[in-house]
Amino acid sequence: MEEFRDLYGAVYILENSKTQRVKVGMTINSVADRLRDANEKWLERKGTCQICGGRRFVNNKGFVPQHVVSGVSCPGGNALPLEKDVTLAKSYLENTKNRLSELLGSEKGSATRIVNNLEKRIEKCRCYTGPVGEWKLGIVFYTKCAEKVELRSHKILEDYLDKLAPFGEVFCCSVSVATEAVETVLSQLGLLHSARRETKL
């Protein structure tokens, strides 16, 4: 059963014409900020920590800075981001796998999640070839139930999902295909005529 907050917000479609990809997302804040964030990640101004998977601005040496996760210093600080190197991630993965047999209960569950997440991130980066193009605004729909519209649009577009993209909600389709998906959901929810549509920020 779906549970959603009834949020008024923006369902946006960003386009990278060079890679023929679109990103479908939602925000209750600034679409311009989401566009800036997408480009910072895509153009590798932000990198993925090899250990925790968090995205951070890289320093002038190209390293992920020191950072804290759940009150503990993350061992992925002062290392290259996952997009550039997987050595630290692979080492941490093997060490965690070797410790699994010694752990019990919630500690074992936590370590198992770490293993699964690291394996997925490493596999995704194995096929990553670096940034091409940049993201630009395709279209924005300002509407009620933005969260529901976004998630249901993703379901319509799931056959187009780019599973190797360095961040989520990226689809191998055109803006028009993504727009049709969003408009279909808006129509199903009775929101199509009340939604405000913009193509400029």
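I began with helix 4 and helix 5, which are oblique to each other. Oblique is what remains once angles under 35 degrees (roughly parallel), over 145 (roughly antiparallel) and 65 to 115 (roughly perpendicular) are taken out.

This is a predicted model, where local features need pLDDT of at least 70, side-chain atom pairs count only at pLDDT 80 or more, and totals for chains, interfaces and linings use all residues. Residues are numbered from 1 along each chain as its sequence is written, and side-chain values use heavy atoms, with hydrogens and water left out.

Next I looked up the geometry. The axes of helix 4 (residues 146-156) and helix 5 (residues 175-188) cross at roughly 125 degrees and come within 9 Å. Axes are lines fitted to C-alpha atoms, over the stretch in contact for helices, with angles from 0 to 180 degrees between N-to-C directions. Helices here are DSSP runs (H or I, at least four residues), and strands are too (E, at least two).

Then I checked the contact (heavy atoms within 4.5 Å). Lys 148, Val 149, Arg 152, Ser 153 and Ile 156 in helix 4 meet Ala 181, Val 182, Thr 184, Val 185 and Leu 186 in helix 5.

I turned to the largest nonpolar core, which has 21 residues. Such a core is a set of buried Ala, Val, Leu, Ile, Met, Phe, Trp, Tyr and Cys residues joined through side-chain atoms within 4.5 Å. Buried means under 20% relative accessible area (1.4 Å probe, protein chains only). Among the residues with the most contacts inside this core are Ile 13, Val 182 and Leu 186. Helix 5 gives the most to this core, with six residues.

Definitions and conventions
Buried < 20%, exposed > 50% of the residue type's maximum accessible area, 1.4 Å probe, protein only.
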